[in-house]
Amino acid sequence: MTSSRKSLLATTIIAGLAIMAPSLAMAQSQTSQTQTQQEEDDAAKDDAAQVDEVVVTGSRIRRNEFTSTQPVQIITARESSLEGLVDPAEILQSSTAAANAGQINNYFTGFLTPNGGPGANTISLRGLGAQRTLVLINGRRAGPAGARGQVGPTDLNTIPSSMIERYEILTDGASSVYGSDAVAGVINIITKTNIDGGAFDAYTSQPLESGGDEYQVSGSWGKTWDRGYLSIGADYYERKPLLFGDRDVFACPQVNVYADPNLTIRADVVDSATGTYKCQTITAGLFTLYGGTYGNGTDFAPDANAVAGGGPTGCDMNGYRQVVAFTTGAGACAVTAARGTAFRRAMFERTPTDNPMYASRTAVSPVKRTSFTAFAGYDLTPDIELFGELLLNRRESEQNSFRQLFPGLVGYLGTSPDQPLNPFGTFYDFTIAAPSNADQQVDYTRVVGGARGTLNVGKGFDWELVGQYSKSKAEYGSTFLYADRFEASLGDDGCDESVLITATACPTGGVDYYSPAALSGDLSAADRDFLLGYAVGTTEYIHQYVEGSIAGDLFNLPAGPIGAAVGFQLRKEEIDDTPSEEERGGIFAGSTSAVRTAGSDTIKEVFAEFEIPVIRNVPFIDSFTINASGRYSDYESYGSNSTYKIGFNWAINSQFRIRGSEGTSFRAPALYEQFLGNQSGFLSQAAIDPCRNWGLSTNETLRTNCAADGIPETYGNGQSSSATVITGGGRENLQPETAETQSLGIIWTPTFINLNIALDYFKVEISDQVDNFGAAGILAGCYLSNNFATEPLCTLFDRNPNTAALRPNEIITVRDNYVNIARQLSEGLDLTARYSKEFSFGDLTINARASYILEWEDQYLLDEEPNQLVDQIGNPKYVANASARFERNDYTYTWSVDYIPESSNDRFYASNTGTYFGQPIFYQRTAGEYFLHSASIQKRIDRWTLTLGARNIFNEISNPTSSSGGGRGAGNVPLSSQYDYLGRRLFLNVSKTF
């Protein structure tokens, strides 16, 4: 692979300090202390020989230079605990290197299936994708874990938080040092090892409203002696569920549209039953009749005898069990042309769009984690150490939700008029709710063993030979609807047994879809047992490798010794996901189905790194060092490739330092991207189809293409079913990704004040990125194409014609396999700052971090305009956080704040105006500024440490009145990991050492 060498001088316009993050490059050593850069420089100058050699994340060379060529941010476990955070996912996702984009955490219950399956928590630096962020434990790859066929990124649930000493975040590409996946950066999780004694720790976080409680209990013990050490630990963590009914912002989703441009006068429909703005959780208890002659919308008496005696004479039966009658065979009563807008709005006031089941859905899914860890080392000789690590982890998680049942799921127009329980004497559709739950148990094992030591040759060389084996084994279950049984229940005589495959008969008398209980989603036990099943699948992922390296000084130059590190790695990865027999057999109705995913890959790599001191102790150059690294990779699946990185570290004087790098990265497609068996899921028509209400669009290309496809300009006003989206691997067509990375930074450590500031510029450009277009991307690319008649994307989905009797104009299927897309680019600035001051009455420390995105875009096709990803809800332009810590005697006082600026989705629309039931309205598509404040007090009493604090002190929840379709993901708020939905909560941590 070749890369155009771009001048780093072009990136020197990195002015514009913003604020934040503990400083510079800290080191990975056997001591738990971290030092500021100024302290490190002073110590090195005073007596360099007495300073321990260390390995900085992003390099394999041990040096006694504490200032790194690489931009690294440090988050210590103590710093996080003082802010009330113990969960590794929350800690890493709130870092400024990650908070500029939405992350995958437990808030995403039911909205998507992430890589690693439901319940997985991942980290994506710069928002470039979790599969492009490499996670290490003590400098070594952490094997993937998770459920279902898309396991690949590290699941942070596998990391036992009680054993973590600190997180080192390398915010630069490092494929030449660590191999594939280190495109956006590297997370290096450093654990506690040389423990001497025992410790017990108990933590709880309690929201002041119900739901979302956290608990953690851990214990550890260690012994260090002359020739070795042993440390063991056990950890239990539990998060209770937060239900949609637990918070007002989730409990009653509303349209939230306004009658005035100042967004002060609501224009929502008021519910006729409650007198408040209409909640739109799920449409259930709705009947749609086909055929017959009915009145022009006059209400009939809500009396069962009236229905049985001749059927309804209008549209409304009563406020909850509603009958909507048609004469056209399609659409809703409300869209009948003769009845007009006023009638349609009045009908919607009485349409049952709120269901009690919604309140039981998990907004934050519950999880339990149990871990056991062990670290050991033994000096076989004075120059050889044997060492090992063991991690055992179990994650148990679940997600509770519901689904809609209606005949269209199995392609039927409605239930038979001849059913004994049919009260209408004609075909009718029903829409009712039923449970849809999922659960996972993931067992993860990681074993590391090896030897390291020193070769007393020349200047001495450090060597290491290590092997690692990790295995993730998961069982995942979910409720499902039997397609054959559902179809049978719609037939004549209450059960059409001729279509049954998985059963021999229906419940006696057939399935009762008409009872008041069924309308509320509470089917009888017999009906539920007949229609619904529970299926269990299994996933196994094995990750293993052997790696050897040797590092040391080669010889001296006038400016110092040349450091070098060389090594190899042999790695094999295997995935085997076997969905349940029911899922593989295709007997599900209207829910995810899949086939087996199985495959493996073998990788052989060699690498080398050199650090060359060029100049030292001349005017304006205290030292100038070049670091160069390269890696050659040979993949069984895709052949060979090479990457490089070259950087410099220029200490101008004792106060100023400039660092920079340029390099390339390489990422072979992950196993799931290659071998994923076809997975089917579902998305709403509104979420993917740009032709809905295309008559209101100002985009002439879209208008022309939708009209050419025969779609009415008002299509989209009625009820609609979800589209089936099929995702699969692309092994035969995929190529590896390549990337070019650049960084340039300036560091200031003034001598007159204990202050460190580092400002770093970064740029990552990925070519041939492996991704899905996404269902919405496929349809948008088709209908916005200037070559609509020949556009290849238009062949990847099926749309019903306007003349179809069932689901006219709707998207039926979208085929969304993994492909190589054109490019993705991320460019921005990171600022880190640290200030400390010792007073006579105590010590003050201030840490601050910020990340500012200059440009972030992706481009699926080379001939299309790039998509701008930055400065929208979920992808803010910049983020910042800061903390102040004051220590006096046995007390520590901490205050911290996270900041997200205002962001808006208005730019995706021609205007923020529209119509709602014929009334001109205005949308709210902006999420305001967001501050999350936390504070704590810590007291040390002998061997006890008590920490009491509050998180989200001012109970900030972002923009609780955003309009539907304006970036809102759940309830009435944007769904993104930057925002806290648990609300104000108190936390307590009690620790004891012995």
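Strand 26 (residues 656–667) and strand 29 are antiparallel partners, joined over 12 bridges; strands pair when DSSP finds at least two bridges between them. Strands (E, at least two residues) and helices (H or I, at least four) are DSSP runs numbered from the N terminus. This is a predicted model, in which local features need pLDDT of at least 70, side-chain atom pairs count only at pLDDT 80 or more, and totals for chains, interfaces and linings use all residues. Residues are numbered from 1 along each chain as its sequence is written, and side-chain values use heavy atoms, leaving out hydrogens and water.

**Around strand 29**

- Within this pairing, Gly660 stands opposite Leu744 of strand 29.
- Strand 29 also pairs with strand 30 (residues 755–771), again in the antiparallel sense, over 11 bridges.
- Glu740 has Glu765 in strand 30 as its bridge partner.
- A hairpin is formed by strand 29 and strand 30, with 6 residues between them.
- Because 9 of the 12 residues of strand 29 (residues 737–748) are buried, this strand is largely enclosed by the rest of the structure; buried means under 20% relative accessible area, with exposed over 50% and partly exposed in between (1.4 Å probe, protein chains only).

- Strand 28 (residues 723–727) and strand 32 (residues 811–815) run parallel, joined by 3 bridges.
- Val725 stands opposite Val814 in strand 32.
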